[in-house]
Amino acid sequence: MSEQRVGLIGYPVSHSLSPAMHNAAFRALGMTDWRYDAMEIPPDIVRYGVNEPRQHGYIGINITIPHKQEAMRYCKPDALARAVGAVNTIDFRTDIGTNTDVPGFIEDLTAHDIPLTGETVIVLGAGGAARAAVYGLWQAGAQVIAVNRTLDNAQAMLTELTISGGVQNVSVLSLEEALLDSNPALIVNSTPVGMHPSPDASPWSDDLPFPEGVTVYDMIYRPAKTRLMQQAEAHGGRAIGGLGMLVRQGAASFEIWTGRPAPLDVMFAAVNAALGR
Ligand code: NAP
């Protein structure tokens, strides 16, 4: 029986939860010939990082930080990947690259019964994760406000999303302006602020009033409850961490490669176990 291989390229990848998550899914479904491995690829050899697994018969790969943009050059990005400007999953049988961060994020919000259509949503950050969030939320009909430490970077993100994905009616504001002008239902943290090993940091400074009863979705999943999530709860709101997004983007990749429904419960259990929860 030949081995069916998939994997991850990134830099670094040693702390990735994806091998545990996917290999647990393969085991649970009796897919004993499938294996997922992590490959550490420095930024100067991304082309090699994509082409080597392809030439060695891999079925597909995930791509993570910092290669998601560069990897677009070495596959056929679909409309979603082109819109977001980043690819995180390639199927070598077709060479099509897509972005499962967008459905992973939106599906996790839906799984938590968070309404999006017509709701005002503040997205913090202007990196790759923020791009996926802004695009997915805009597609879902939310009124998106992009807020970032460096406003020029948020403006550049928005210009690119408009050109590549047709995104419209997203405003770029400072947090102070966003709070004056709107009554957000949801705040999404797409910055690394508050991530292990700096759990005391928050992208929401103590000088700023925190809206009452707002939902916070923090893409960070280490720690399980970030300072920002604690701030939301202290102000009568809901707080959701980013583990569900991680699992759901992985599940979407799993389904592309295998053609089988991903065992979500097994994947959640595997990442929780890997995180010691
Ligand atoms: P990134 O490209 O490095 O983006 C960094 C963004 O955060 C930039 O907009 C940057 O602002 C802002 N930022 C960084 N440090 C800051 C600080 N001290 N104060 C205020 N803003 C700061 O990162 P990314 O790939 O988008 O990822 C962002 C986060 O999302 C990470 O924590 C990552 O682990 C998480 N994530 C989670 C999932 C999931 O599945 N749950 C998926 C993807 C990403 P400037 O523009 O001013 O530099």
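A polar contact is a pair of N or O atoms within 3.5 Å; within protein, one of the two must be able to donate a hydrogen and the other to accept it, and residues adjacent in sequence count only if both atoms are side-chain atoms. The model is predicted, with local features needing pLDDT of at least 70 and side-chain atom pairs counting only at pLDDT 80 or more, while totals for chains, interfaces and linings use all residues. Residues are numbered from 1 along each chain as its sequence is written, and side-chain values use heavy atoms, with hydrogens and water left out.

## The ligand and its surroundings

| Residue | Protein atom | Distance to a ligand oxygen atom |
|---|---|---|
| A129 | backbone N or O atom | 2.8 Å |
| T150 | polar side-chain atom | 2.5 Å |

On its own the ligand has 940 Å² of accessible area, of which the protein covers 73%; such areas come from the Shrake-Rupley method with a 1.4 Å probe, and for residues only the protein chains shown count as cover. The ligand is surrounded by 21 residues, the closest being A126, A129, N148, T150 and N153, where a residue is near a molecule or strand if one of its heavy atoms lies within 4 Å of it.

The space that the ligand takes is the largest pocket. A pocket is found on a 1 Å grid over the protein atoms alone, as an open set of points with protein on both sides within 12 Å along at least five of seven lines, whereas a cavity is a set of points where a 1.4 Å probe fits but cannot get out; lining residues have an atom within 4 Å of a point. A molecule sits in either if more than half of its atoms lie within 2 Å of the grid points. Two or more residues of the shell around the ligand come from each of α5 (128-139) and α9 (243-258); helices (H or I, at least four residues) and strands (E, at least two) are DSSP runs, numbered from the N terminus.

R131 also belongs to helix α5. R131 has a relative accessible area of 15% and is therefore buried, a word that means under 20% relative accessible area, with exposed meaning over 50% and partly exposed in between (1.4 Å probe, protein chains only). Leaving out residues up to four places away in sequence, R131 touches V84, A126, M157, E160 and L161, contact meaning heavy atoms within 4.5 Å.

## Helix α1 and its packing

Because 8 of its 11 residues are buried, α1 is largely enclosed by the rest of the structure. The buried residues are S18, P19, M21, H22, N23, A24, A25 and F26, and they pack against β1 (4-10), β2 (34-40), β3 (60-63), α9 and α10 (264-274).

H22 lies in α1 and counts as buried at 0% relative accessibility; apart from residues up to four places away in sequence, H22 touches Y36, N62, G250, F254, W257 and M267. A25 is placed in α1, which spans residues 18-28, and A25 is buried with a relative accessible area of 0%. Setting aside neighbours within four places in sequence, A25 is in contact with F254, P263, V266 and M267. A25 and F268 are 243 residues apart in sequence, yet their C-alpha atoms are 9.8 Å apart in space. Just after α1, G30 takes a positive phi of about 70 degrees.

F105 lies in helix α4 (residues 101-111) and is buried, with a relative accessible area of 0%. Not counting residues up to four places away in sequence, F105 touches A133, L137, V188, Y217, M219 and M245.

## Backbone geometry in the loops

Most residues other than glycine have a negative phi, and most peptide bonds are trans. I65 and P66 are joined by a cis peptide bond with omega of about 5 degrees, and P66 is found in the loop between β3 and β4 (76-77). A cis peptide bond also joins R222 and P223, with omega of about 10 degrees; P223 is in the loop between β11 (215-218) and α8 (227-234).

D95, a residue other than glycine, has a positive phi near 70 degrees and lies in the loop between β5 (89-91) and β6 (96-98). N169, which is not a glycine, has a positive phi of about 60 degrees. N169 is found in the loop between α6 (151-165) and β9 (171-172) and is exposed, with a relative accessible area of 68%.
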